[in-house]
Amino acid sequence: MRATERDAEMDLKAQIDRNKLPHHVAVIMDGNGRWAKRKGNVRIFGHQNGVKAVRQITEAAGELGVEYLTLYAFSTENWNRPKGEVDALMGLFVNAIQNETENLLKNNVRLSVIGELSDLPASVLKQLQSAIDYTADNTGLNLVIAVSYSGRWEITSAVKKIVKDVRAGNLDPEHIDDSVFESYLNTSTIPDPELLIRTSGEKRISNFMLWQLAYTELYFTPVLWPDFRKEHFYEAILDFQRRDRRFGRVGDQANTITVNN
Ligand code: IPE
Ligand code: IPE
Ligand code: MG
């Protein structure tokens, strides 16, 4: 990184109001394939280079004092990609987790995962579990990886668990409200994201955190994920800090409240 770029990055960081940080930032890491194509390379080359951006953004979020960072790494629909790409991605997950665990420990990051884990290959599960155990006592940033995850899968899974509990007589259907429903989601211990970033210029949610995004601020950037750096993350936070969040109320009223955070 050139000195002028570092200055620009530091300048953006200094503008961030540390008292108005989002507690939870979620990211749809998109554009790896297009990044590789532009370089005349195969899609997996883009995925490999996306790991760099993961390292940078995890570090940036931790340094700022963001409490939760959720990264959408693989959707339930991504299983429908060509087998070669899926296999390469699974291999990349194993390597990346293995290579990054020491870094997570050094940066006091606690790793967790959401998604349909039983669909993952044993090698990925094993590596994930060992990194989760290894970082379990860390007290800094909570890094949540969404893998084999989708919002609809999460909601239908919650419904199944709720029906089971109702049938077993452990839950009175009359008592089901937002907070009871949330307690059956994968994210039951995690606050809703205040900010969602999607890279690559696509302006859609792609089945991500459908319940949790109810009042999230959405930020779309044309930057492709392998090019996403700390400065881009700071720009997203600064944009978030300029927003007027109303939660269905009128301006002045809403400045004093938050939804589920
Ligand atoms: C995001 O990049 C990574 C995953 C979905 C696994 P893509 O692979 O979707 O890249 P594009 O969107 O095709 O460029
Ligand atoms: C969303 O990206 C999923 C992840 C980033 C993991 P996709 O590339 O799969 O989404 P679509 O197909 O463009 O909606
Ligand atoms: Mg994509």
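A residue is taken to be near a ligand if one of its heavy atoms lies within 4 Å of that molecule. In this predicted model, 13 residues surround ligand 1 by that criterion. The closest are Asp30, Gly33, Arg34, Arg43 and Arg81.

A look at individual atoms shows how the ligand is held in view of its polar neighbours. A polar side-chain atom of aspartate 30 is found 2.8 Å from an oxygen atom of ligand 1. The side chain of arginine 81 places an N or O atom 2.7 Å from an oxygen atom of the ligand. With asparagine 32 it is the backbone that takes part: one of its polar backbone atoms is 3.1 Å from an oxygen atom of ligand 1. Taken alone, the ligand exposes 370 Å², and the protein buries 87% of that area.

Turning to the fold, the model contains an open sheet of 6 strands with parallel pairing. Read across the sheet, the strand order is S3-S4-S2-S1-S5-S6. Strand S3 (110-114) and strand S6 (217-220) form the edges, each pairing on one side only. On average, neighbouring strands of this sheet are turned by 20° against each other, direction ignored.

Within the sheet, strand S2 (residues 68-75) and strand S4 (residues 142-149) run parallel and are joined by 7 bridges. One pair to look for is tyrosine 72, whose bridge partner in S4 is alanine 146. Helix H3 (residues 43-64) packs on the sheet, where it touches both S2 and S4. The direction of helix H3 makes about 160° with that of S2.

Note on methods
Residues numbered from 1 in each chain as written. Chains lettered and ligands numbered in written order. Predicted model: local features only at pLDDT ≥ 70, side-chain atom pairs only at ≥ 80, totals over all residues. Heavy atoms only, no water. Pairing = 2+ DSSP bridges. Helix = DSSP H or I, 4+ residues; strand = E, 2+ residues; numbered from the N terminus. Axes fitted to C-alpha atoms, helices over the stretch in contact; angles between N-to-C directions. Contact = heavy atoms within 4.5 Å. Polar contact = N/O pair within 3.5 Å; in protein donor to acceptor, adjacent residues only side chain to side chain. Areas by Shrake-Rupley, 256 points an atom, 1.4 Å probe, with all protein chains shown as cover.
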